[in-house]
Structure formats: C-alpha cells, structure tokens
Amino acid sequence: MIADRLRALAAHREILFMITWREVVVKYKQSLMGFLWAILMPLVIVGAGILVRGGFAYLAHQPLRADDIAAVTLKSVPWAFAVASIRFATNSLSSNANLVTRIYVPREIFPLSAIGSQLVDFGMAAVPLIIVLAIAGVGVSVQLLWVPLILVILVLLVAALGIVLSAGSLFFRDVKYLVEVMLTFAIFVTPVLYDVDTFARWKTWLMLNPIAPLLEGLTAAVIHHRPPDLPWLAYSAGFTLVALLSAFAVFAKLEPRFAESV
Amino acid sequence: MSDAVLRVDQVSKKFRKGQLHDSLRDLIPALIRNALRPRRPGGELGDREFWALRDVTFETQRGEALGIIGRNGAGKSTMLKLLAGIMKPTSGVIHVGGRLSALIELGAGFHPDLTGRENVYLNGSILGMKREDIRRNFDAIVDFSGLTEFIDTPVKRYSSGMFARLGFAVAAHLEPEILVVDEVLSVGDYLFQRKSLDKMRDIARGGASVIFVSHNLPAVTELCSRCVLLEAGRVHAAGPTGEVVRDYINAFSIAAAQASETMPAYVSRFVMRGAAGENVRFSSGETVRFDVEVTARQHVESFAVSIGMADERQYVVFSTSTERLGAPAYTMDPGDRISVTFEMDLHLAPGAYYLGIALHRYNVQKDYGQFAVGTLFIHADVDVRGVVNLVPRLVPAGAPFA
C-alpha cells in the first residue's frame with residue numbers, strides 16, 4: 001500500500017518539483033522581499049532568544065554567554081522551517097482546491113511541495129546563519145557530520161505531520177485553527193529559546209517532544225562539538241518513522257474522498 | 001472486443017445530499033450515530049444519498065471519438081471525474097488501457113503572477129508532460145496559442161480568451177492515448193472553438209481515443225462517431241451519434257407540442273430522413289425529406305404548412321411553405337390528419353440548424369401554431385463557415401468556366 005503510494009509519487013516527481021518551484025518563484029518574484037521573508041522569522045526568534053536568555057542570566061546573576069546566543073541562533077532556523085512547513089502544508093490541499101478537483105495526481109504532492117518550498121527558505125536562511133556562526137567562532141569539528149542526519153529526520157518528521165494535517169484540515173475546518181494554536185504555543189514547550197538542561201528535572205518530559213532531541217542534537221554537534229544524545233536521537237528517528245508510515249496510511253485511506261470534500 | 005482502450009463496467013457513484021459534517025463538533029455525534037446504526041451494504045442508499053451514476057457501461061476503441069451527452073444533472077460531470085481518476089466509483093470498474101489525459105479545466109494550476117512561459121511549463125507538467133517534451137514543443141505551443149508577444153507577461157494581465165488559448169495550446173500538445181475533454185471549449189470565440197475541435201479531430205485521427213463530454217450538440221455531432229446519452233445517471237441510449245442525438249432531441253420537442261392542448265391543430269409526427277433512412281446528421285448538399293403529419297383538434301380551414309430553419313443564433317436562414325410551393329390550402333375537421341413531405345437539398349454550412357413548423361391561415365395572416373420539431377446537423381468535407389455552403393473551390397487564374 002505505502003510502497004504503491006511511494007511509487008506513484010516517484011512517477012509524479014516532476015509535478016512535485018514544478019509545484020514546489022511555483023511556490024518558490026511566486027514568493028521570490030520580488031527577490032529582495034522574498035529573501036527577507038526567509039530570514040525574518042529566524043531573526044525574530046533570535047531577538048526573543050536574546051531577551052529570554054538575558055532574563056535567565058540576570059536571574060541567575062551570571063553573564064549572558066556567547067554560546068547561548070549562538071545556540072538560539074542555530075536553532076531558530078530549523079524551528080522557523082518546521083513551523084512554517086507545518087502551517088503551509090496544513091493548508092496546502094485547500095489552497096490547491098482547484099487542482100485537487102480537476103487533475104489526478106497523488107495528492108501527497110501538495111503538502112510535500114509546501115514543505116519543499118520552505119526547504120528553499122531554509123537553505124536561504126542557512127547562508128547568513130553559517131556566516132554568523134563562523135564570525136562568532138563556534139569552530140569546526142568532525143561532529144558536524146551529525147548535522148545532515150538530524151536535518152533529514154527533521155524534514156521527514158515535518159513531512160509526516162504535514163501530510164496528516166493537510167488531509168485532516170480538508171475534512172474538518174477546525175484542524176487549521178488547532179494547528180495555529182499549537183504552533184503559537186509550541187515554542188514554549190520546545191527547547192528553542194532555552195536548552196533542556198535548564199530544566200534539569202523536567203528534561204525527560206521536554207525531550208518527549210520529537211523535535212526537541214533534534215534541536216538539542218544540533219546544538220551539541222555544532223556549538224559544543226560533542227555527539228548528540230544518541231538514545232534520544234534514536235527516539236526521534238523512531239517516532240518519525242512511525243509517524244511517516246501512519247501518515248501515508250491515513251492519507252491513502254482518505255484520499256478517494258478528497259475531491260468530494262474540498 | 002479486444003481493441004477497447006477504455007472500458008467502463010457497471011460503474012455506479014453515490015453522493016450525499018446536503019451538508020457533510022466538516023467540523024469536529026459535528027463529527028463526534030455523527031460517529032456515535034453511525035456506530036449505533038446497522039451497517040448498510042454498498043448497493044443501497046442511506047438517507048439523503050442518491051445515485052449520480054448507476055450501472056453505467058460503455059467502451060471506446062482506439063482512434064474513436066466518443067461523445068457523452070445528456071441534460072444538466074444527468075451525470076456527465078461525475079462520469080468525467082471518474083474517468084479522470086479524480087473520484088473513485090462506489091462500485092464497478094474502469095479499465096484504462098493507455099496514457100490518459102483529462103482536460104477538465106484549461107490552464108489548470110496557472111498562477112497569475114507567473115508569466116505565460118512559466119505557466120506553460122507548470123501546466124504542462126501538471127497535465128503529465130515531461131519537462132523535456134515541454135521544452136521540445138515549447139515553440140509549437142506558443143505558436144498555436146498565438147500569444148508569442150505576450151509570452152513573458154504575467155498571465156494575470158491576460159484576457160480570459162488569452163488564458164484559455166494558452167491553456168488549450170498546452171493541452172493540444174499532450175500526445176495522450178486517451179483524451180477526456182470537458183466543456184472547456186465553450187470559452188473563447190468562434191475561431192478558437194473551431195481550432196480546438198479541429199485539433200481534437202487530429203488527435204483522434206492520430207490513433208488516440210477522444211471522449212468528449214458536452215451538451216454542445218453541434219460540436220458533438222461534428223466530432224464524435226458514437227455517443228452515450230446519460231439520463232438520470234443511467235445510460236439511456238448508446239450508438240451512432242446521429243441516432244442518439246435524435247433520441248435526445250425528440251424526447252423534447254414532439255412531446256412538448258402535443259401537450260399544448262390549446263392549439264386548434266398540431267404537428268403529431270415529424271421525421272427527417274435521407275436516402276439511407278431516418279437521420280439527423282447529413283452532409284452538406286444532401287437531399288433530405290421531412291415528413292410532417294398534422295392533426296386537427298378543431299375545424300381549421302384554408303391553412304398552409306410552412307417549414308423554417310434557424311441557425312444557432314436563432315437567425316432564420318430559410319423558410320418555405322406549401323402555399324409558396326403552389327399546393328392548395330388544407331381544410332380539416334376535428335380528428336383529421338394530413339401528411340406533407342418536403343424534399344430539399346441542404347446546401348448549408350456545417351453546424352446545427354433548428355427546424356420549425358408553422359401552421360397558418362392561407363389568405364389572412366392567422367397563425368394556428370408554431371412547433372419546434374427538431375435539430376439537424378450538417379457536416380462537410382470542405383471547411384466553409386457561415387450558414388450556406390456555396391461549394392467553393394480554387395481554380396487557376398484565367399481558366400475558362402468548366
């Protein structure tokens with residue numbers, strides 16, 4: 001079943017590419033503003049991170065450390081990617097309603113292309129991020145090899161959520177609003193502005209959020225030059241695999257009713 | 001039949017009337033209700049459900065153009081969406097034996113902010129073309145659309161006609177094995193429609209199958225050799241286009257005329273036939289006969305039977321009457337019947353023509369009644385436009401008259 005879906009997706013990869021390309025081109029048509037959109041969200045997060053970190057440091061009567069700022073900056077970009085991807089993917093089927101009702105393609109293409117276009121933003125924002133980190137002197141080590149693996153897990157996790165939520169929001173309008181609320185408050189329960197170690201006792205609870213081990217793993221590998229917490233990383237990877245398989249299964253079950261429900 | 005490229009076998013589609021529960025608040029009570037209610041087998045209807053299509057079976061051969069006609073709500077659009085794979089049938093099977101392209105909307109996926117060029121690539125790949133094919137055909141597509149100078153303009157500045165032309169130009173270069181076409185040709189001007197029909201005929205001649213879903217009868221009769229008539233979700237008739245279209249038209253006109261009981265006399269039977277028999281499809285110049293039978297309800301005297309033809313814009317292109325052809329006047333008593341046969345040569349340009357019969361008093365200008373009795377369709381080997389076929393041909397300059 002899932003193998004069939006993947007084969008169908010592979011056969012329609014050009015359409016996936018073209019719809020992603022459409023999203024990107026439309027956004028970057030006014031090229032300057034397009035680029036600003038890509039880094040706006042991370043910038044806001046970094047600003048908030050400096051405030052929060054400053055507050056923690058003040059309360060603890062300690063100076064604000066450069067490492068902490070670097071960590072927030074590093075995590076802001078993948079977090080902004082995850083939030084925007086889930087938001088756009090959730091709405092992707094409704095916003096492409098005229099294609100859903102008029103053309104047959106495997107409909108996973110719509111949430112996936114929403115995520116694909118966010119991936120381009122991610123790449124755009126990664127350039128200034130790397131420059132900032134280089135200037136801040138975080139340095140290079142063999143631990144950086146963890147980064148691609150962590151990012152792949154992140155993209156797959158976001159894809160799983162996006163696929164399920166896009167189908168859900170087609171049948172139930174409330175899903176869209178629920179997702180908005182969740183995304184707004186997710187930053188409080190996700191270690192973006194802070195590190196999980198800050199909350200020593202509750203660390204386990206925070207790490208159950210499958211994005212947390214990924215962001216923590218990135219910080220460990222890039223800033224602290226040590227390997228990520230492997231059991232937790234394995235937990236995220238396992239969660240992602242299960243989520244992805246269920247997402248495809250749910251989507252395949254609901255898809256025949258899409259054209260009637262848009 | 002081994003040559004069938006598309007076979008629709010006992011296909012049914014069930015829909016639900018009214019609101020679907022589309023918020024979670026509505027879902028939970030609905031789930032509980034469904035859990036309590038006994039399960040219904042797939043072949044039965046629940047409350048508020050109805051059959052949009054019921055046991056529809058037909059097939060199409062390689063190189064054939066098949067028309068699907070019917071009134072609004074007969075199930076044409078549902079059939080189209082099932083063929084295109086956009087919806088799944090409730091029961092039954094659709095066998096597709098080749099690369100199928102469905103044209104339900106011209107310019108599907110066009111984005112207003114993108115230029116014509118960008119949209120050609122986008123739309124082409126959405127319709128299933130490989131990027132390499134689009135690149136290879138790009139000049140031909142732009143040329144066909146006639147929009148060369150606007151190709152780098154965002155399509156939001158296009159008129160709706162330009163939009164449709166570009167959309168059709170892409171679709172025309174699809175090279176499918178089965179092409180399913182909706183009413184998409186109704187946009188655009190006359191020339192655009194001609195060009196589109198010609199292109200579809202070329203596609204069918206090239207060995208592909210074309211399925212044309214439409215209630216544009218002239219276009220269907222011109223393009224399709226066979227037709228399926230849907231009525232209330234079922235196949236009402238299927239066969240050669242001429243016969244099916246005649247069924248479709250007759251179902252309306254004669255019945256309507258007989259029902260109007262206030263008329264002192266009415267047309268009780270009307271038959272169009274060529275040398276080969278009863279038909280509604282004739283070639284330009286063909287000799288046809290129209291049999292008219294008139295029945296009187298009251299005493300009517302000194303009347304003539306006149307026949308007229310109007311084109312698709314309701315412009316009367318021809319009329320004559322028994323009086324003008326030199327026949328004596330008719331006088332009838334209640335219950336009397338008379339029959340008149342007109343014979344004429346249809347030197348008409350290709351298209352649809354509506355036939356009307358009028359019964360009127362010979363010497364004073366009194367009407368006993370007017371009846372729409374049918375529609376006939378003219379096709380021609382030569383491409384002439386307008387309402388008459390003047391049988392044009394090219395001759396060398398200065399050649400003597402033959």
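View 1. Among contacts in chain B between residues at least 6 apart in sequence, 72% join residues at least 24 apart; two residues are in contact if their C-beta atoms, placed from the backbone, lie within 7 Å. Residues are numbered from 1 along each chain as its sequence is written, while chains are lettered from A and ligands numbered from 1 in the order in which they are written. Because this is a predicted model, local features need pLDDT of at least 70 and side-chain atom pairs count only at pLDDT 80 or more, whereas totals for chains, interfaces and linings use all residues.

**View 2. Helices, strands and burial in chain B.** Chain B contains 8 helices and 19 strands, which are DSSP runs (helices H or I, at least four residues; strands E, at least two) numbered from the N terminus. Of its 402 residues, 37% count as buried, with 20 or more other C-beta atoms within 10 Å of their own.

**View 3. The side of chain B that touches chain A.** Here 25 residues of chain B are in contact with 20 residues of chain A. Helices α1 (24–36) and α3 (116–126) of chain B each supply at least two residues of this side, and α3(B) gives the most, with 5 residues. By class, this side of chain B has 12 nonpolar (Ala, Val, Leu, Ile, Met, Phe, Trp, Tyr, Cys and Pro), 5 polar (the others, Gly among them) and 8 charged residues (Asp, Glu, Lys and Arg).

**View 4. Confidence in chain B.** The mean pLDDT (the predictor's confidence in each residue, from 0 to 100) of chain B is 83, and 86% of its residues reach 70 or more. In chain B, confidence is lowest in α1(B), at a mean of 65, and highest in strand β17 (residues 337–345), at 94. Where pLDDT is low, predicted coordinates should not be read in detail. The model scores ipTM 0.80 and pTM 0.74.

How values were computed:
A residue is buried if 20 or more other C-beta atoms lie within 10 Å of its own, exposed if 12 or fewer, and partly exposed in between; C-beta atoms are placed from the backbone.
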